[in-house]
Amino acid sequence: MTISNRHGVRPLNPPLRLSRRGRAALAASLLLATGALLGVAPPSVGAATAPVAVTVNARAGLAAVPDTALGVNHAIWDSQLGTTETSDLLRAAGVQMMRYPGGSYADIYHWRDHTAPGGYVAPNTDFDTFMAGVRRAGAQPMIIANYGTGTPQEAADWVRYANVTKGYGARYWAVGNENYGNGHYGSAWEADEHPDKSATYYANLVVEYADAMKAVDPDIKVGAVLTMPANWPDGLTAGADPGPWNQTVLSIAGPKIDFVDVHWYPGGSPAESLPRTSHITDAVHLLRQQISRYAGPDADRIGISLTEVNVTAEGMTSQPAALFLADAYSGLLANGVFTVQWWNVRNGIGKVTTVAGQTDYGDFGMLSSGTCTSDGSVCEPPLNTPFASYHGLTMMSRFARTGDQFVRAGTSDPLVAAHAVRRANGEVAVLLINKDPDNAREVDIDYAGFAPSAAAPTVHTHTNGATAVATAQTGSATSRILPPYSLTTLVVRPAAAPGGQPGAPGRPTVDGVTHRSATISWPAATRGAAPIAKYEVYRQHGAVSEQLGETSGTSLTVDNLVPGARYTVNVLTRDTAGRVSWASPPLTFTTGSPATSNCAVRFASTTDWGNGYVADVEVANTGAGAVDGWTLTWTWPTSWQQVSSGWNATWEQVGTSVRVTGTDDNRRIPAGGTVTAGFVGAYSGPNVTPTAFRLNGTLCTVR
């Protein structure tokens, strides 16, 4: 039998083949972070250029690495799910979390009798078998409760069996999988037998699921399905829902959930998908904004999990998957996502191509299933042969360990990406990614807030076509030649053993944000070998830190901020001997607009279709006299936003700067009057709303 679902399973004799259904026609391309660059051996540098400048700023702290960071998806159609060889391979790659029972199958799966009506269930894939594999691998489970064809009671019974009867301690439970794909927005791949397919109905039932499940075990964490900003159906409102899917679900279920569950498939060729990791910071920022705005009090407690990610086009088993995985996992984790999970462990052969000189089997899996094309002309390597994505995950486990803190890293070349972490023992690990398939890159690495040892660093490298991550102690911490299409991690020891440093301040908070100032507060740090002298507040400006001020107290009001700008800041402790702590956890906030002005602007999107929208811009004259001739200007927050066309004004865009000028019909705005113009906007990444507008040069209030 088959079932029409997002993962489009075609049952075969195990190991079976799975192909993901066309999401690309629906979803706009989205997000992700930055990557990094390095190699061990010194191949010749192609296309002779100046060395790439890499900056690692150990004082610009980002998120810490949780013990759930590195995840994968398991599925009940995979007959190898519970084998010892599978568990051992996943343990060796550093897997920390495993999701079950597998994508869209979750919404047809009944755990008690281990059935999935309309789909295929392989032998030896039941819940107890899955949990045995999880334990052998030293990981944690994430379980998807059946929303599409299940009930809150069925989910509660599963919690009871898992955590009361069996004592598994399964902490993370999501309600459903991609439930916005139930036909509510016009496309249906997800099973949903409820009479109402709306976001409102889903959200209300999530509340029932959470109540029933937590009545059994109040310590579990329950998650709700959202969509990633700039991915279909973000921005779309259907039926009687009060807003788009995310807004509706958060507004109703927000007080009951502990995390949100999103997916991301960038699509396109490697040349298209690899750069899209640059979207991650803005996408996660928008998602956190939605959570904060709609999820009710104490919304900061709600975590973000990204439980499905893959490249979904060329390069799924070859080196682009390894590069993308390392870049995406690093960027997401640095921005505070608590788990990232590759789709999936084992899948089956798809479209066979050649990518950068290597055979690519079009397989979503990390491990070969040993299957062949339907005509038998091409077969995958033997069962359980690791693909490139597996080696990318292995590299992540060498790079970012539980408890490490991500710190800012940046490069001068868009084809070279960098990430870095600081470790409790004083080491800094730097992950470097060369995304150029043809040319090596020479890099020079500069460290801020960290003095590297002159000793050779430990170097982990994975090159195009390699069958393992190579490790050596070689070269310099400050320069390297990166092979084409390669991953490299440098583990660099400090020049002097750390000792006596003060503790880092606690997580900062912000209050009293205006267009020009904000008050930042933080929990006091613990002293080290010497008394604490002061705290220093730094803004992250790319990979550079800019000091905003210092104080002997635990609160600082910073002035002279830029209106409508996003700030990420850290606080550091300095003691009387000059020793400096690690950075505090990051704080991100956005300045506003002036409380009073001679003008006001309302920017409102009226229709959105995932990669474009219609918006109205209302300009109000709040001054005492008429405005005779007006020009409104703003700057887009990202490089992928633009005005496609407009009306009721003359619209111009140069770079990221937009200029809107009144026509002869509306050039005059009387005192107390308004004028409205509209435009069609386009975006190819997260659509971040501008928050600073100027009318004839005057900064306006934003309504």
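Predicted model: local features only at pLDDT ≥ 70, side-chain atom pairs only at ≥ 80, totals over all residues.
**Exercise 1.** Find the disulfide partner of Cys 379 and describe the link.

*Solution.* Begin with the sulfur atoms: those of Cys 372 and Cys 379 are 1.9 Å apart, and the two residues form a disulfide. Next, take the angle about the S-S bond, which is 100 degrees and makes the link right-handed.

**Exercise 2.** Now turn to Cys 599 and characterise its disulfide.

*Solution.* Cys 599 is joined to Cys 700, with an S to S distance of 2.1 Å. The angle about this S-S bond is -100 degrees, giving a left-handed link. Cys 599 sits in strand E29 (residues 599–608) and Cys 700 in the loop between strands E39 (698–699) and E40, so the bond ties together parts 101 residues apart in sequence. As for accessibility, Cys 599 is buried at 2%, and Cys 700 is buried at 0%.

**Exercise 3.** Look at Thr 701 and trace its contacts and setting.

*Solution.* Thr 701 belongs to strand E40 (residues 701–702). With 16% relative accessibility, Thr 701 counts as buried. Leaving out residues up to four places away in sequence, its contacts include Ser 593, Pro 594, Cys 599 and Val 601. For Val 601, 100 residues away along the chain, the C-alpha separation from Thr 701 is 6.3 Å.

**Exercise 4.** Write the pairing pattern of the bonded cysteines.

*Solution.* The structure holds two disulfides. Numbered in sequence order, the bonded cysteines pair as 1-2, 3-4.

Key
Residues numbered from 1 in each chain as written. Heavy atoms only, no water. Helix = DSSP H or I, 4+ residues; strand = E, 2+ residues; numbered from the N terminus. Buried < 20%, exposed > 50% of the residue type's maximum accessible area, 1.4 Å probe, protein only. Contact = heavy atoms within 4.5 Å. Disulfide = S-S within 2.5 Å.
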